[in-house]
Each structure stands twice: as C-alpha cells, then as structure tokens.
Amino acid sequence: MENCGSITEKLFSNGDAYVGSFKAMLPHGRGKYTWSDGSVYDGCWEEGKMTGEGRLIWPSGASYEGDFSGGYLHGFGVFNGSDGSIYRGVWRMNTQHGIGRKQYQNSDVYDGCWKEGVREGSGRYAWSNGNMYVGNWKDGKMSGRGVMKWFDGDLFDGFWLNGFRHGSGCYRFADGSYYFGGWTKGLKDGHGMFYPAGNKHHSVTRCSDWKNEKRKKQLSNLSSANSESVKPKVKRSLSDKISSGLLKGSGSLSVKTISQGEDIALDDSSRDILACDSSSALSQSSRDDKTDLLETGSVAYEREYTQGVLMKERIINISRLSRKSKQRLKFQAKEVKRRSCVAFLEGRKSYYLMLNLQLGIRYSVGKITPVPIREVRQSDFGDQARIKMYFPRKGSQFTPSHHSVDFYWKDYCPMVFRYLRELFKLDAADYMMSICGDDGLRELSSPGKSGSLFYLSRDDRFVIKTLKKSELKVLLKMLPYYYNHVKEHDNTLITKVFGVHRISLRRGKKVRFVVMGNMFLTELRIHRRYDLKGSSHGRFTKKDRIDETTTLKDLDLTYEFHMDKLLREALFKQLSLDCGFLESQNIIDYSLLLGLHFRAPENLISLLQPPDSVHKVETNPDHLEGGISQGELSIPPRGLILVTHEPSSVSATPGPHARGSTLRAMSVGDQEVDLLLPGTGRLRVQLGVNMPAQANQRVMQDESASVQVELFEVYDVVLYLGIIDILQDYNTKKKLEHTYKSFQFDPMSISATEPKIYSKRFLNFLEKVFPAEP
C-alpha cells in the first residue's frame, strides 16, 4: 500500500484516535484507529475505509485478522469469538460466505460451505461426542442428501429436510440390522423393509424398541445448541470530524446467530466435492453389508408406516424366495448407490440431453424475459413463433462453451409460455434456477408404456417429459385454446405446461420436451397414487409390482371419498369445465391423477415412534393426527379440521401444483377455509390441493359367517388431484382403427373413445369415486 504522507497522529473530540498516513483529510495507507470504547483496527486504509489486510479487535475480546474491503470484512480471514469459537474462511460483506471451517466453543467442528452467515451447501459437521454428518446444508439445517453416523455405530444414508429425515433412505443399526424405507419429518412413513441382524425372529422387536429408547436419549443430548453472541461493530464517529466518506457504509459487523446443534445433509451434486472424504465410505459399507445380508439372512419384514405408526407387517422368508425376487431385493439394496453422483455415467446420452435442455432453457428464458410486456397476439401461436439457436461445444458469439455435444435448439411459442408462467405466478428467475441450476436434473423411469423419458428438477418442482412428434402437433394446435382456458379458469385441474422445446442432434435425431408442474410436490407425503380413466380393461396392477411409488389404476382403487358438500361441488364444477374443454379439442384417453395422504388412526397413536432427527421434538399424543370414525361419517373428518382461512397463517407461495383461489366449505359457514392438521401444521385448501376427505374401504368378510353385515374401514385422507395425459387426439387414434380390428378383441374401440362418450364415462366414474352425500 502506497504511503501517501508522513505518519500523523490525530485525536478527536469524542475520544477516538488515529495514527498513520493520510490522503487529503482521509486515512490512506497504513494506520491504526482506536475507538473510545476500546475497539482497535490496525491495518491498511483506502480513502477513509478499511481496505486490504488488517486486524480488528473488539472490547469483548473478539478479533478478526484478514482481508477488508470498503470497510467490510471481505475476503479470507480468521475470526476469534469472545466465546472461544474460531472461524477460518471466506467472508463477504461482514458475513461468512464461501468455504470455511468453524470450531465452536463446545468443540463441535463444521467444515464446508457458508452462505450469508449460515451453513449452506456441502459440508461436514463433527460433534464433540463423536457423531458426524457429511452432507448438504440449507438455511443452516440438513436438507437434501446426506450420511449421518452416530457415536454408537448407527448410520443413516438418505434424504433430509430442515434437520429431519425426510424422504427415502437406509438406516443401519450398530447390531447389523437395516431398515430401508421412507421418512416424513423424522418419522417412518410409507413402505419399508427391515432386515434383522440375525435369523431369530423374536430378536427384531426387542432390538427396535431398545434402539428407539436409546435414540430418544441421544436426541435430547444432541438438541442442545448454543448461539453465537458476538456482534462486533465498527464505529463511524470519525466521519463526523473528517469526512462523510470515512467508514461510510461500513455498517455493522455481525455474525448471524447459528445453532450449533442444527443438522446438515448432502445431495447428489454435493457428493462430488466430498467423494474423497473418508466418511463417504460409511454409506458404501452399509450397502455392501446389506447385499451380504440377502445371502446369509433368512427373514425380512415388509412394513408400512403412517406418520411413525406401524400399520402393516409381513414376514418374508428370504431363503425361500425365488431367484427373481432375490434379484429385486438386491436391486433395492443398491438403489441409493445408483442415485449417486456417478449415475450420469451409466446413461451418458441422457446426461447430454439434460445438459442441452438446461443450456437451451437458460438461453430462451434469458432472451424472452427482457422483452416489454404486451398482449398475446395471434402471431405468437404461429409457425414463425420460434427461437432457434445453434450450440457448438466450443461456444459462439451468442452461446457459452459447454461439455455436451453440438446441438440445435428450438423453443416453441416463447411469448405465449412466458405469459403462461406469469399466469401461474412463476418467477422467471426461479424457473431458470430450478431447471438450470448447478444441481441439474434427475432422470426418472417411465411410469407408463409410452416409452417417454421423464426428468425431475432437483427441487422437485417440475417434470420434464419427452414427446412424440404427434403429441407435439396436438399441443401446438391446442395451445391458443389452452391459453384462453387457463386464463379464464384459474382453478383448472388440467396439467400446467410451462414450455415446449426441441433438441436436434447429429444425424437428424430430434428430441422434443414439455415442461410441466409436478403435482406431487406437496406439503404432505403421498402414500398412494392412482391413474384413473374410468375404464376396466387392463386397469389393474400386479400385486408383486406394487410399492409406495407405484401408480395404481382404476381396478386397484377400493375407496370411496366423502367430502364437504361445497368442496365436492367446486371439484365437479371444474371437472365438467375441464372435460368440456378437452372434448372440444377432440382429446381422449386423459386421466385423473389422484394422490392420497393418510392420517394415522387415533387408536394407534400410542405406538408412534419418536422422530428420527438430531432434534428432539416434543409431541402430545392428545393433539396428534387422525382417527378411525365410528357410527356416522363426520364430514370433514374429525382428524382433519377445517378452519376459517387466515392468509397470514398459511403459505401463499404459489407452487407448480397449486391452483387458483382458496376454497369455501359448508362446515364453516360457506367461508374460505384452511386445513388444520393437529401435530403437523396448517395448509391452504385449493382445488386439487390439500383437500380433506374420508376414505371408505369395504371390508371383506368371512363367507362362513351366519350374518352378513356390510362393514367399512374409514380413514382420514388429504387428496391431491389433477388431469394429465392431455395429448391423445381422437382423430390420430381413429387412423389406427384398422390395427385394432386385427385383434381378437377391441380393448378401447373407436366408438367407445369418441371425445363426448369418453368424457361422459370419465365423469360418471368419478361420481362413484366421490359420491354425493344423501
């Protein structure tokens, strides 16, 4: 730093003092400034602001030594807190931001990424008691993919949300037993498989109970968190005497309050950074041991949980399983591994498509967003309404270089889809970050027979599906009418479409994509999902192929759903409008996609497991969810409480599945309502989203019984639904009539699938699924 003058000492009337170089009237160069409260900065200055290397000491004993810029802690530096904590890493504008290592006063250590003062990104947290987590952070908590190992040898490899196990994962107990399944907010939820360490059946229950009690004690110890109290400040009194520019904008140097007991987690992309870490081998060892268990163990337990309550259990004798069944279990054991960061190597072409799609969407959205807002014109739907661009691997004047193959990009009707995204209250930046962010996309297996590829954005907000050329033509032909329909009916249940694109590769290979909202990105876990067409032919699923992720069909549905009268009226009013629209476009073969969230029955709440989290969560069984109703039906269900809508009490953030306005319910006097789930939260009720109901399921009786009484099981459920598969044109199918006639039977005859007949049959079927109250 240039010394712009001789060393000068200057005292101020408020007791501050400065010794060092000046430039004009401002400290510039090397100097030492002492505030009247005892704070001292010794380092480099630039035109009155701390800039360069320096050391700052506060009266509390806290100190910082490192880089400064414009009066801020900015760059690399070491902060020693008055409580004994030490942070060594990158700073931005007075907050920890970037890669850094922090040792807390209780000897816990975090080593990883920070964002604006909190842990966010990939990182490792080691507790002083021996627990360790390697994973991804969000807002200072475990969120995403991660591996947690407890000091007693237990290990969990799976997904987290806000510090709780949430999603699929594998839990390995120290005794060698395993549980593969799903969790919701720390509680086992949905289907899972438990593999005991030995072959003795009676040992399983004792082991599980013992682990639960042990975990409750450990959680209590781990939940204690001490907050950082250091909030150093830089005084600005010198500016009063010398210049308004001195220390201007330096503001307050603060370290955000961070709970040391909070958790972390790791998603697939973050594992690249941490793949060489020794702790990453923990999850691999759990998978290897699991595969060995299939060879040596003799028994496993197939279980189904609802909010931590064990609902069903089936004992499977592994030694007697067929070779095919054993292979399926081994496949399940390796499922977590296949989701890892190396998954894209197994499908290189698919990886290139994903990368090309991200590059193209980023280009299109960036190009169309700055265009001034105007009314949608007829020409915006025409053949010339396209954005075309060539993306060479080396880059060009308009495109960046990339690691994929050369490709041509085409974006269909970009102005129309821009307005559609605005109608759906979707911010362009959020849309781009969700699909084109560094985390990339995930490929899903096709749930149907179409042969289409499906991708899911990393935040699960968007589903991307490949289209046939005929489907693309149907969509573009229907687009003007679709635009008007969703504009007039904000409660429409028809799939939200956000964009249509085409990628052309070498040798003329063309791949077409449609971007849609993910209907099952929900606040509650989906336990069952159904694809309903109102047909019986072939509409069932083989039992040996059913798990929690299976999309079931019409004949698999054994429930009737009873709803509040006004909620049901709103549902069928919109279903009629939507079916009428699809009928006018000659669309057939569409489906109602139905998701069910079951609430735990009251009589089983006593069996509720403690939350599986590093946090101890206090629960009151008297206020938890659900209940099996007896006698007359209570609409809404007793375990699902409808209350008057309060905008400030529920999330108003629009999601890719959220539709329109808040619904009204008769049970609260024709008022807009929220759904209150005791022990869980409060949710906004919209058409197709968070709709409460009671599910009736007929109970099969013993034929030998002398008296036959119609019995039902009744469950409290929350419904999620929407209309999908809207690109099957009747005229296209009619051209295949001669193909159908060549079969011995006609499963879906052309006369039976005329748009008017199809919509009528579809609605009649749903009238039975959602019967009106007498």
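**Figure 1. The second largest cavity of the predicted model.** The second largest cavity has a volume of about 60 Å³, where a volume is the space filled by probe spheres set on grid points joined across faces, edges and corners. A cavity is a set of points, on a 1 Å grid over the protein atoms alone, where a 1.4 Å probe fits but cannot get out, and lining residues have an atom within 4 Å of a point. Of the 13 lining residues, Ser364, Val365, Asp411, Arg421 and His501 are the closest to the centre of this cavity. At least two lining residues come from each of α8 (348–368), β21 (407–412), α9 (414–423) and β25 (497–504); the largest share, 4 residues, belongs to α8. Helices (H or I, at least four residues) and strands (E, at least two) are DSSP runs, numbered from the N terminus. In the whole structure, 4 cavities of 30 Å³ or more are found. The model is predicted: local features need pLDDT of at least 70 and side-chain atom pairs pLDDT 80 or more, whereas totals for chains, interfaces and linings use all residues. Residues are numbered from 1 along each chain as its sequence is written, and side-chain values use heavy atoms, without hydrogens and water.

Figure 2. In α9, 8 of 10 residues are buried, that is, under 20% relative accessible area with a 1.4 Å probe and protein chains only. These are Pro414, Met415, Val416, Phe417, Arg418, Tyr419, Leu420 and Arg421. The charged end of Arg418 sits over the ring of Tyr419, 5.9 Å from the ring centre; the criterion is NZ of Lys or CZ of Arg within 6 Å of the ring centre and within 35 degrees of the ring normal. Just after α9, Lys425 adopts a positive phi of about 60°.

**Figure 3. Surroundings of Tyr482 in the largest nonpolar core.** Such a core is a set of buried Ala, Val, Leu, Ile, Met, Phe, Trp, Tyr and Cys residues joined through side-chain atoms within 4.5 Å. Among its 113 residues, Tyr482, Phe561, Leu571, Leu719 and Phe770 touch the most other members. Leaving aside residues up to four places away in sequence, Tyr482 touches Leu420, Phe424, Ile494, Thr495, Lys496, Val497 and Phe581, contact meaning heavy atoms within 4.5 Å.

**Figure 4. The aromatic pair Tyr559 and Phe561.** The whole structure holds 50 aromatic pairs. The ring centres of Tyr559 and Phe561 lie 6.1 Å apart with planes at 35°, so the pair is tilted. Rings of Phe, Tyr and Trp (its six-membered ring) pair if their centres lie within 6.5 Å; planes under 30 degrees apart count as stacked, over 60 as edge-to-face and the rest as tilted. Both Tyr559 and Phe561 are buried.

Technical notes. Buried < 20%, exposed > 50% of the residue type's maximum accessible area, 1.4 Å probe, protein only. 1 Å grid on protein atoms, 1.4 Å probe; cavity = no way out; pocket = protein on both sides within 12 Å on 5 of 7 lines; lining within 4 Å.
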